[in-house]
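Please read the following account alongside the sequence and the coordinates, taking each passage together with the part of the chain it names.

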Amino acid sequence: MENEQLLLEKLESSSWSPGEAQDKVLAEILEKNAATDYFNRHGLRAATKEVFRQRAPVIEYEDIKDEINRIADGEASTLLSANPITDMFTSSGTSGGAHKLFPKAEGHYAVSDYFFDLATALLNRDLPGLRTGKALYFLYVRSGRKTPGGLPAYPALTGYYNSPEFRNWLFDPSNDYTSPLEVILCTDSVQASYCHLLCGLIHARDVTKLGCFFASALVRSIRCLEAWWQELSRDIRTGTLSERVVDPACREAVEKILRPDPELANVIDEACLSGSLKGIVRKLWPSAKAIDTVVTGAMEQYVGEVDYLTDGLPIASMIYASSESFFGVNLKPLCDPSQISYMFLPETSYYEFLPVARSEEKASREEPVELVDVEQGHEYELVITTNAGLYRYRMGDVLRVEGFHNKAPLFSFVCRRNVLLSIDSDKTDEKELQTAVMNAFAALRNGVTSKEGEAIRLTDYTSYADLSSNPPHYVIYWELSSELHLEPEKAGECCYKMEESLSVVYHRGRMERSIGALELRLVTPGTFNRIADDAASRGGSVSQFKLPRCIKKNATRMLEIVESGVYQQYFSPRAPEY
Ligand code: AMP
């Protein structure tokens, strides 16, 4: 508690002088890496901040892919970084069909600890009752691989959960998790999910918060109750662990805490018997006060699903981070999801912000500005310089300055820079697609119920630019909470509503017939889970998995899975007005 107070005071003091902290971080990076090949090539030896900002190019992954791959193949780290690069992180982004690789920074796990500690301190500050209870966190790891040069490569969170820093963190009595370390470190995600749920249920009466880094994995984990509740209840009733858990370390750790508890088993049966998961979190974990999970950016889509499962428990979206670095924390954990913003911690990496240009001509002239120079209401793409060999690297994340805490800017997450769908001169980004889908679903939802009489929910969606039709057209895949056959007229209006919400350039394309009518394809419930399962079976991270908002043409496997779930398709009946 005292420690939490100190952390909050440190956060407050960083917010008063972000400029000084940024200058210090950059000076250290410049001094330390002066002798690297990269600095040599760009004339950055002994560079001041001004020289660095003048000479170092603003780059993207493709610009340093070769150096990263050469280090991964066994060449010296000094190609990029003075710190010996001993491990690589695999991010959820891809480059040429393969995972992107990023060198792990020295001290990365200490930074992770710091951010998770801060998030806990902020949550405890605003919800004092949390501190006294246990936490059910769905944390997953993947088995790693070796690069051709023998460096271990794995997702950043997998590295952290396997680190001594996390071990200390987990065994700190103030982080009282329901799952033992052996469950967190189980590389079989099905067994890990089962054990997380079981351990969470064993301690059901004491759980005050549930969480997972991204909301998509949280929803997937809780939804496993649908298939497993009887087995879980039987385990708890009899005090014996299901045969499905075969990982020896996991079995041993879970068996240590499993005791027969028929009373609790009755509670589980009663809560799950109806078959509906509405409000299941409150029913099974009656003391839960908050859900700790990221619901901004691509995760915004899951707010409705989390609300459904928890009957509206507050959602705290605490951390903005990536494989490359940690960036910010949310100072108002209990704010409405639409109001979430993150304060960047100025001591971690050096940040610059590339103004998001509204025109091509302006784009070529824009220069990144420093953290202290961003302006309220403006949108920027994040550019980072880290102590792991990334210099002025474009993250591809677009952020908006919502205001300031003391002198530190607060950023909301707008979208990924990359355009999702484009057929002609139209360029639809993640945010535009999300708005179109949400508008259309809001119009459809009224009065539409499932067979069981429940309000229908949009579980998830993705899209595809079908360039094989004439003219090419957008295909939007929706997975509804139950298999529903829509009236063709209503479904057509839904397609129209999506088109209407898209950009004026799209509307022009439709009018000029360079873009065909938008198509909605409904897929059976569970289809998108199969994509996550498929990614996991090929070594992808479960906790970092995000359903791509657009399926690229060469992602044939993903497309096959989605197509195998399609049960109905509809087209927009007319072009939107231009
Ligand atoms: P990865 O490196 O695979 O973990 O992905 C990192 C990316 O996830 C970031 O660049 C963002 O696009 C996204 N991300 C991480 N945290 C957040 C957040 N709090 N809100 C929105 N998007 C996030």
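The model is a predicted one, and in it Arg-131 forms a salt bridge with Glu-4, the closest N and O atoms being 2.7 Å apart. The two partners come from distant parts of the chain, since Glu-4 belongs to helix α1 (residues 2-14) while Arg-131 sits in the loop between α6 (108-126) and β3 (134-137), 127 residues apart. Glu-4, for its part, has a relative accessible area of 12% and is therefore buried.

Side chains of opposite charge can pair when their charged atoms come close. A second example joins Arg-457 and Glu-305, whose closest N and O atoms are 2.8 Å apart.

An α-helix has 3.6 residues a turn, so residues three or four places apart point the same way. The side chains of Arg-557 and Glu-560 meet in a salt bridge with an N to O distance of 3.8 Å, and Arg-557 counts as partly exposed at 42% relative accessibility. Beyond individual pairs, salt bridges that share partners join Asp-23, Lys-49, Arg-53, Glu-352, Glu-370 and Arg-392 into one network.

From charged pairs we turn to the packing of helices. Two packed helices are described by the angle between their axes and the distance between the axes. The axes of helix α10 (residues 189-202) and helix α13 (residues 248-257) come within 10 Å and cross at roughly 15°, and α10 and α13 are therefore roughly parallel to each other. Their crossing is left-handed. On the side of α10 the contact is made by Cys-195, Leu-198, Cys-199 and Ile-202, and on the side of α13 by Cys-250, Val-254 and Ile-257. By residue class, this contact of α10 with α13 comprises seven nonpolar residues, with no polar and no charged ones.

Helix α10 also takes part in the surroundings of helix α11 (residues 215-223), whose buried residues pack against α10, β6 (207-214), α12 (225-238), α15 (280-284), β7 (290-294) and α16. Helix α11 is mostly covered, with eight of its nine residues buried; among them are Ala-215, Leu-218, Ile-222 and Arg-223.

Asp-311, in the loop between α16 and β8 (315-316), has a phi near 55°, a positive value in a residue other than glycine, and at 40% relative accessibility Asp-311 counts as partly exposed. Asn-406, which is placed in the loop between β15 (393-405) and β16 (408-416), likewise has a positive phi, of about 50°, although it is not a glycine. At 26% relative accessibility, Asn-406 counts as partly exposed.

Conventions
Residues numbered from 1 in each chain as written. Predicted model: local features only at pLDDT ≥ 70, side-chain atom pairs only at ≥ 80, totals over all residues. Heavy atoms only, no water. Axes fitted to C-alpha atoms, helices over the stretch in contact; angles between N-to-C directions. Helix = DSSP H or I, 4+ residues; strand = E, 2+ residues; numbered from the N terminus. Parallel < 35°, antiparallel > 145°, perpendicular 65-115°, else oblique. Left-handed = near helix turned anticlockwise from the far one by under 90°. Contact = heavy atoms within 4.5 Å. Nonpolar A, V, L, I, M, F, W, Y, C, P; charged D, E, K, R; others polar. Salt bridge = Lys/Arg side-chain N within 4 Å of Asp/Glu carboxyl O. Buried < 20%, exposed > 50% of the residue type's maximum accessible area, 1.4 Å probe, protein only.
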